[in-house]
Amino acid sequence: MSRKAPVIEGETAIDITEILARIPHRYPFLLVDRCEEYRPSQSIVGIKCVTVNEPFFQGHFPAYPVMPGVLIVEALAQTGAVLMSKSLDVDVGGKAIFFMSLDNCRFRAPVRPGAVIRLNVEVLRARGDVFKFRGKAMVDDKVAAECEFAAMVVET
């Protein structure tokens, strides 16, 4: 049976219900709470509200909790996957979007409980089912992490 995620023309905000319909990630590995400023095949802004209840804070680090950098990059990748899924109207029943590469990754500032991360993702190139992105994770006016990454649609 094939499932199609809902598509609303002209909509620039994407709520958690649509995110859950577009990407397969679930708690505790779903790292995007909502998306804003969606521009088809161009850009999107993901939002991640970081709470002290996140499971990774139990061990990273109990006395001074810091969100692992690799999870910030994963949040950028998930935001890119939402952009791809909505832009390509991917049939999520038989396809998934997989992370392919990561380049020029830099971590600039720690992300702590209480932070709201703005995950700015822009398309650098799109060819068929493969997209190359530039991502920047922002907390307030500071860059927490930035990178370039690629993803592709695959049959599952």
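## Ground rules

Residues are numbered from 1 along each chain as its sequence is written, and side-chain values use heavy atoms, with hydrogens and water left out. Because the model is predicted, local features need pLDDT of at least 70 and side-chain atom pairs count only at pLDDT 80 or more, while totals for chains, interfaces and linings use all residues.

## The sheet

The model has an open sheet of 6 strands, in the order β1-β2-β4-β5-β6-β3. Pairing in this sheet is antiparallel. Helices (H or I, at least four residues) and strands (E, at least two) are DSSP runs, numbered from the N terminus. Two strands pair if DSSP finds at least two bridges between them. At the edges sit β1 (34-39) and β3 (95-107), each pairing on one side only. Neighbouring strands of the sheet are turned by 25 degrees against each other on average, direction ignored. Axes here are lines fitted to C-alpha atoms, for helices over the stretch in contact, and angles run from 0 to 180 degrees between N-to-C directions.

## Strand β2 and its partners

On one side, β2 pairs with β1 over 4 antiparallel bridges. R39 has S43 in β2 as its bridge partner. The two strands form a hairpin with 3 residues between them. In that turn, S41 has a positive phi of about 60 degrees.

Strand β2 (residues 43-49) is also joined to β4 (residues 116-127), by 7 bridges. These strands run antiparallel. I47 is partnered by R118 in β4, and V45 by N120. Strand β2 is mostly covered, with 6 of its 7 residues buried. Buried means under 20% relative accessible area, exposed over 50%, and partly exposed in between (1.4 Å probe, protein chains only).

## Helix α2

Helix α2 spans residues 69-88, 20 residues in total. From first C-alpha to last it reaches 29 Å, close to the 28 Å expected at 1.5 Å a residue. The expected span is 1.5 Å times one less than the number of residues. The helix is mostly covered: 16 of its 20 residues are buried.

D89 follows α2. It lies in the loop between α2 and β3. D89 is partly exposed, with a relative accessible area of 31%.

## The largest pocket

The largest pocket holds about 150 Å³ of space. Its lining has 14 residues, of which R22, I23, P24, V92 and K95 lie nearest the centre. Elements giving two or more residues to the lining are α1 (16-22) and β3. By type, the lining divides into 9 nonpolar, 1 polar and 4 charged residues. A pocket is an open set of points on a 1 Å grid over the protein atoms alone, where a 1.4 Å probe fits, with protein on both sides within 12 Å along at least five of seven lines; lining residues have an atom within 4 Å of a point.

The bond from Y27 to P28 is cis, with omega near 5 degrees; P28 lies in the loop between α1 and β1. The bond from H60 to F61 is cis too, with omega near -10 degrees. F61 is placed in the loop between β2 and α2.

E37 lies in strand β1 and has a positive phi near 55 degrees. Its relative accessible area is 44%, so E37 is partly exposed. E155 belongs to strand β6 (residues 142-155). At 63% relative accessibility, E155 counts as exposed. Its C-alpha is separated by 38 Å from that of P65, 90 residues apart along the chain.

Technical notes. Points joined across faces, edges and corners; volume = space filled by probe spheres on them. Nonpolar A, V, L, I, M, F, W, Y, C, P; charged D, E, K, R; others polar.
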